[in-house]
Structures are given as structure tokens and as C-alpha cells.
Amino acid sequence: MNKVNSFASLHPSILFIYFVTVIGSSMFFTHPVLQSISFLSAFVYSVMLKGQKGLSFNLLYMLPLLLFMAALNPLFNHQGVTILFYLDSGNPITLESILYGVSAAFMFITVLLWFSGYNAVMTSDKFIYLFGRVIPVLSLIFSMVLRFVPRYVAKAKEISFAQRGIGRDISQGSLLKKGRNAARIMSILTTWALENAIETADSMKSRGYGLPGRTSFSIYRFDQRDRLIMGIMVACIVFILIGAAQGMSTMRFFPSIRFTEVSMFSIFVYGAYLLLCVLPILITIQEELKWKRIESSN
Amino acid sequence: MKAKPLLLLAATLLVLLVVTFVMGGQDKVVPLDQQVAEQVEPNKDDQSDLSNAANNENAGTEAEAVAPEEVLTANENLSTNELQEQEPAQLDEQAQESQEQDSSAQSETKKDDPVKQEANANSNSNESKPATQVKPTQPPVATPKPTNDKTDQYLTDPVPEGKPEPVEWQDVKVDEKQALKATLAVSAATILNNMDLFNEDKLEVLPSDGVIYAKQTVTFYEGESVFDVLLREMKKNKIHLEFVMTPIYNSHYIEGINNLYEFDCGELSGWMYKVNDWFPNYGASRYQLQSGDEIEWMYTCDLGRDIGGDGVVKGNE
């Protein structure tokens, strides 16, 4: 198991519940404290998972997306009591609509970041392990679909490298030549995809896919550590749900901004949410420290 | 197989898309200078394009009118349906005739008391079979006062006698030297009677007496519309106002004043205006002000019925 990603070594059911909870809460909680907790931990975790590449990806794509989405809302939404200035058309730009745009943009980015973490941690074998019995066809299709794009990108790269060896890559030759090379690579990719589909089907058939009484092997166990973490998670989720039921998780933007006052209990709820969101980071760091200790003691 | 319902679903979706594309496209095609072309009435969904011999989608019950006879019976049904649904006050059967283009729709417009209306519909079905052909030769049937019975190119019903006709704001040159006076008032008092419907988030922006802008004299310039005056005064008094331009009615639609928006007090709520105690049947951007006009913007929670502006919704009596 990859030591940088020890969160992924937990039992699949825990991982699944975890991601459903954080993604769901990031979608529905608009309270600024909860939102920033979720955003920061999703950001840190995605950088931890992907390192330098993840950081540059976030800055290069997520940041412009965030700014764009934040700027879009006030152009179309003019609600709010705090008028900052007027557009040429005569409609007002309000503080509330700007903040709403920022909040929505952050929510969007946060969910994207959590999903990138989900993709790295919840591999398709884990998903099929969880749902293979309940929804066998759907879980198979789901895992195949998720694998589809990365797999084709990888194959396209492979073909492109091979073509470069004989001077027929997209980067070689005149503009017309480049186009023709691209078409050729596309054609090779399509041929491979069709052939691969047949091969996959044959392979599944020959291994007895869909036959009754077939068992599958899995290496997952629900051990002591899983139980501990499940306990912490469930406690956090209960706390957060109670807080959400009392309206602590949302904020009102229109006509004026309002959210529940900070109270003793709400601090507990924020704490529980913080604990839940940084759980993967904590586990990864803890595991790494342990690894270092073992290493240095030898 | 599972594929069959899926295919069916996909086919229905495709058909729906095509239909909406075709029908939606026609709204935009309506040429502004060509009144003979097909016209749509805002309140009633009885637009029918017979030349296409196509889906009379809006009419609902009669989806496909391929044969001329069917079309005519469809029209009849329509008028009787309307009879049941609406006040007997007036009925417009939409249909215009155009001889120059085979693309244009044909029809006739009528406005009569219900009994006559039904009779017309019947006689219509007897007389005008040739009219369903692509190139109609027959003039419109039963239009006593053709100029009075049409909607204009922005779907406005005829303006009652003695009331000002709509003026397109694009054509108007505002004369800034001619400062005139009018009075303006903005009130949401009806909300106070409908507090059970009211969006409670908006309680803080609702004045205790409902008056957002007490009646006072304002200055405007020759040629300006009701909308221009409202926009200027709201800006000047730092009162929030949101609107949107609606090209099909060539007017600005007021979505919210002082953060009190349409639909904030039930699904029949929104802003209406009246000038000299008359609710115009066209948009505020097309009402050109005269000196001494009394403008009132009122919030309604019941499509105008609670503020005496229901004539606009029903059509003019």
C-alpha cells in the first residue's frame, strides 16, 4: 500500500460513507465557516494525494474557474439590500449577489476537489466490492465508465509516441500533415477501442461472468482500526446533522446576509465538521510519522 | 429488453426537441412590419400554424392537424373550450390570413359574444375549407372591424377608447429641455393582507405600512415612459430595482422593487402599474407620459384582482 495514501487502506465501506458525507455536506452547507473548513481540507488533501502536480493543476484550472463563476452571478442576479453601483443598463450590482457568487463558486470547486480525492481513493475494485452484490450490472458499468476516459487518454498517448518514432505525430510536419496524422491516430484509437470491446466481452464470458454461484476474491477486512475510525466518523456525522437540523449549516443571502450566531454548541458542530474533513489528512500524517519512527529506530 | 423503453424515451425526447425548436423558432420569425403574419396572443395558447399542417402543440388536446377538416374541428373545439373556461366577456379566435407567403399562417380573428362566437365557429367550419390550403384565396371571415380586433406586433390587445396608444420607446426622442411633472407612488400594501403567503425572509424589507415610495411629484422629460421615470426615481432615492427587457413585448419587466420580487407573496404575485387609475394592457416602457399623469406601482398577490387591475389579465372589457 502506498504510504502517502494510507487513508485509502481503510475499509471500502468507510471510504464510501466518508466521501458521500463530505461531498453531500459540501453541496448543501453554505455557512462560511463550514464551507471554508471543507474547502481547505479538500484542497490540502488533493495536494497531498497528487503533490506538485495537484497544486499546479488547482492553481491553473480551479482558480480561474472560481473567479469566473464568482463574477458570473452578479451579472445576472441583482437581489440584495446593499447596492454597490449600477450597471449601464440600470440594474444594480449588490454586495449580496457578489458574495453569493463567491460562495457558489467555492462550493463548486470544493465538490470538484473532493471528487478528485474520491477518484484517487475509491478505486473501481473497491466500488465493485461494495456494490457488486446489490447492483451487479450498474456497479460494473459505473466502474467501466469511470475508467473509460483515463484509459483512452493513456492509449492515445501510447499511439502518439509510437507514431512519433516514424515521424507521424501531431507535432510533426506541416499543418496539413499534422491534421492527417491526427486523423490517423484517431483512427488507430477507434480500431483499438472496438477490438478491445470485443476482447473484454470474450474475456468476461470465458471467466464465467454472470454465471450463478460465482464467488469473488477480496482482500478487505473490517479490522480494529476501521472500527475506531467508523466510530469517530459516525459521531461527527451525528453532531453535524443535529447542527444542520438547527439551521447552523446554511446561511441566507437574500435580501440581506444572515447566519446563525456563533454559540457554544455551534463551535462543537464546527469542530466535528473540521475533524471529519481533516480525517484523511490526519490518518495519512499519522501513518507517515509511524513509518518514520520505525525507519529511524532500525 | 431494457433497451425498448429507453429507445422510446429517447424518441419522445427527440420529437419534443424538434417540436419546441420549430414552435420556438416561429416566435422570433414574426416580422415586425408585417402584421398579416402569424400572431400570437399572450394569454391564450391558441396559436396554430396551419400551413405547416403541423403539430398544434399548444392547443394540447388536438396535437396533430393533418387534414383540413381536422384543423377546423380543432378550432371549434378550442373555441368551445374557451367558452367553458373563460368569462363570457370576450373570445379571440386567432387566425390570420396571408396570401403572399405560403409560409405564413392563415386564420381569422373574431371578437364577439359567446353565442355569436359559437355560431361563427360553426359557420367557419362550413365556409372556409379552401382556406386551409397553402395559398388561401378567401378573405378573413367575420371580422367586422379588422383594425380593432388585432393584437399589434408586440401582442397587445386593442387599447380601449380614450386611452393612450402604446409608443415604442426606441422611436421616441426624449426632449431634455421640456421638463414636465407627474406623480409617482410605489406601494406593496397588499402584502399586508396576505402575510400568510409572504416569503418570511423578505419581512425585513417590507415597510410597516407597505409604502415604498410615498406619492410625490417628480420631474420627467418630454417623451419619457413610465419605466424611465421609475428607474430614475428609484436610483435617485437609493431604492433597489431589478428589471429585465422582454423583447417579445418590447418593454422592461419589473422583477422586484426594494427587494420585493415577483412570487415573493405567492405564485400570483408581482408588480403592476397604473396611470390615472387605469391599468394599461401594455408594458411600462411603452406608456408615454403626459404632463400631470399619476403613476402608481402596486404589488399584487393575486394577478391584479386584489388591486383592481384584473382587466389586464382577462383582456379588456
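**Hairpin, sheets, helices and pocket**

Modeller: The model is a predicted one. In chain B, β3(B) and β4(B) form a hairpin with four residues between them, and B:N250 in its turn has a positive phi of about 45 degrees.

Colleague: How many bridges join β3(B) to β4(B), and which residue stands opposite B:V244?

Modeller: Strand β3 covers residues 241-246 of chain B and strand β4 covers residues 251-257; the two run antiparallel, joined by six bridges. Within this pairing, B:F243 has B:I254 as its bridge partner in β4(B).

Colleague: What is the average twist from one strand to the next in the open sheet of four strands in chain B?

Modeller: The strand order here is β2-β1-β7-β6 of chain B, and the pairing is mixed. Its edge strands, β2 (211-222) and β6 (270-275), each pair on one side only. From one strand to the next, the twist averages 25 degrees.

Colleague: Which residue of β7(B) stands opposite B:M272?

Modeller: β6(B) pairs with strand β7 (residues 294-300) of chain B in the antiparallel sense, over six bridges. In β7(B), the residue opposite B:M272 is B:M298.

Colleague: Turning to chain A, are helices α1(A) and α7(A) roughly parallel or roughly antiparallel?

Modeller: Two packed helices are described by the angle between their axes and the distance between the axes. The axes of α1 (residues 12-28) and α7 (residues 224-245) of chain A come within 11 Å and cross at roughly 20 degrees. Their crossing is left-handed. Angles under 35 degrees count as roughly parallel, and α1(A) and α7(A) are therefore roughly parallel to each other.

Colleague: Which peptide bond is cis, and where is the place of A:P255?

Modeller: The bond from A:F254 to A:P255 has omega near 0 degrees and is cis. The place of A:P255 is in the loop between β3 (251-252) and β4 (258-259) of chain A.

Colleague: Which helix supplies the largest share of the lining of the largest pocket?

Modeller: The pocket holds about 1,300 Å³ of space. Helices α4 (124-131), α5 (136-165) and α6 (175-206) of chain A each supply at least two residues of its lining. With nine residues, the largest share comes from α5(A).

Colleague: How is the lining of the largest pocket divided by class, and which residues lie nearest its centre?

Modeller: By class, the lining has 17 nonpolar, 11 polar and six charged residues. Of the 34 lining residues, those nearest the centre of the pocket are A:I128, A:L140, A:M204, A:Y209 and A:R214.

Methods. Residues numbered from 1 in each chain as written. Chains lettered and ligands numbered in written order. Predicted model: local features only at pLDDT ≥ 70, side-chain atom pairs only at ≥ 80, totals over all residues. Heavy atoms only, no water. 1 Å grid on protein atoms, 1.4 Å probe; cavity = no way out; pocket = protein on both sides within 12 Å on 5 of 7 lines; lining within 4 Å. Points joined across faces, edges and corners; volume = space filled by probe spheres on them. Nonpolar A, V, L, I, M, F, W, Y, C, P; charged D, E, K, R; others polar. Pairing = 2+ DSSP bridges. Axes fitted to C-alpha atoms, helices over the stretch in contact; angles between N-to-C directions. Parallel < 35°, antiparallel > 145°, perpendicular 65-115°, else oblique. Left-handed = near helix turned anticlockwise from the far one by under 90°.
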